[in-house]
Amino acid sequence: MSESSRTAASAAVSTLPRPATYSAALRLLHWLSALCMFIVIPLAWYMTELDRHDPHRVMWFTLHKSIGLTVLVLTLIRIFTRLSGTVPALPARIPAIERALAHIGHGLLYLILLGMPISGYLNSYAGGHPIDWFWLFQVPAMTSPDRPLAHLAGQTHRLLAWATYALIAGHVLAVVYHQLVQRVDVLGRMTGRATPDAENK
Ligand code: HEM
Ligand code: HEM
């Protein structure tokens with residue numbers, strides 16, 4: 001291939017239309033996971049305040065664990081879906097440093113979406129507490145009771161909870177900032193309403 005045709009080919013590739021929004025599957029998985037997170041966290045605050053002898057305590061814990069494990073399943077499907085398709089590139093109007101921060105923030109959110117349920121799961125099973133997923137079936141155990149592991153997983157769960165609050169707050173504030181201050185329609189990329197030239201409006 002001559003130099004000029006190679007340049008023309010690479011220019012054609014770089015001008016190929018990129019998706020303006022996340023795919024419908026990724027959008028659905030994002031909003032379902034977000035909804036689960038906004039339920040599971042207040043549920044945790046409520047259930048951990050209950051008296052040990054409260055007759056409904058086990059019910060609230062089962063609900064927390066079931067929704068938490070649902071987040072794990074949604075996230076595994078989401079990571080697989082994301083890796084097997086394309087996602088929109090962050091608009092060039094957003095400064096490079098902010099795009100880098102967005103990538104790091106999103107990566108950390110994925111770690112939370114995996115780390116919270118996994119540490120919760122290990123805390124429960126290593127502590128000898130089986131999990132009834134929405135009272136439908138018992139989730140298979142991958143560890144036998146193990147006090148040090150239960151302790152470590154519990155500490156991790158409580159520590160990661162703080163990272164969860166910080167990352168979600170930062171994530172939502174970043175969306176609001178890009179939307180209202182920079183006037184880049186990032187929300188439209190996750191709701192499906194963004195158009196390819198939305199960043200130029
Ligand atoms: C996305 C998933 C999850 C999130 C965001 C989450 C969040 C939380 C939060 C914020 C707390 C309160 C921590 C504190 O007291 O400071 C908590 C406690 C707890 N979570 Fe989760 N959780 C998730 C998944 C799970 C799962 C899947 C399980 C078990 C299968 C689980 C079991 C527990 C238990 C047993 C506690 C009480 C721990 C204690 O008081 O020491 N969690 N969770
Ligand atoms: C009101 C709440 C929320 C809003 C408005 C929101 C909005 C958004 C938007 C607009 C994007 C796309 C960013 C881009 O243009 O690339 C995004 C991506 C993302 N959000 Fe949220 N989000 C919310 C809650 C959450 C929660 C609770 C989590 C998880 C704990 C979360 C995790 C993520 C992740 C991991 C991405 C990156 C997606 C990817 O590139 O694969 N979001 N969010």
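This is a predicted model: local features need pLDDT of at least 70, side-chain atom pairs count only at pLDDT 80 or more; totals for chains, interfaces and linings use all residues.
Biologist: Why does Phe134 count as exposed?

Modeller: Phe134 has 12 C-beta neighbours inside 10 Å. Residues are numbered from 1 along each chain as its sequence is written, and chains are lettered from A and ligands numbered from 1 in the order in which they are written.

Biologist: And what makes Trp135 exposed?

Modeller: Trp135 has 10 C-beta neighbours inside 10 Å, so it counts as exposed.

Biologist: Where does Phe134 lie?

Modeller: Phe134 sits in the loop between strand S1 (132-133) and strand S2 (137-138). Helices (H or I, at least four residues) and strands (E, at least two) are DSSP runs, numbered from the N terminus. Trp135 is in the loop between S1 and S2 as well. Phe134 has a positive phi of about 45° without being a glycine, and the phi of Trp135, also not a glycine, is near 65°.

Biologist: Why does Phe61 count as partly exposed?

Modeller: Because Phe61 has 18 C-beta neighbours inside 10 Å, it gets the label partly exposed. Phe61 belongs to helix H3, and 6.5 Å separates its C-alpha from that of Met47, which is 14 residues away in sequence.

Biologist: On to the ligands. Which residues are closest to ligand 2?

Modeller: Ala34, His106, Leu109, Val186 and Met190 are the closest of the 20 residues that surround ligand 2. A residue is near a molecule if its C-beta atom, placed from the backbone, lies within 6 Å of it. H4 gives the most to this shell, five residues.

Biologist: How does the shell around ligand 2 divide into nonpolar, polar and charged residues?

Modeller: There are 14 nonpolar, four polar and two charged. Ala, Val, Leu, Ile, Met, Phe, Trp, Tyr, Cys and Pro count as nonpolar, Asp, Glu, Lys and Arg as charged, and the others, Gly among them, as polar.

Biologist: Which residues come nearest to ligand 1?

Modeller: Among the 22 around ligand 1, those are Ala44, Lys65, Gly68, Gly120 and Ala161. H2, helix H3 (57-83), H4 and H5 each give two or more residues to that shell. H4 has the largest share, six residues. The shell around ligand 1 splits into 11 nonpolar, nine polar and two charged residues.

Technical notes:
A residue is buried if 20 or more other C-beta atoms lie within 10 Å of its own, exposed if 12 or fewer, and partly exposed in between; C-beta atoms are placed from the backbone.
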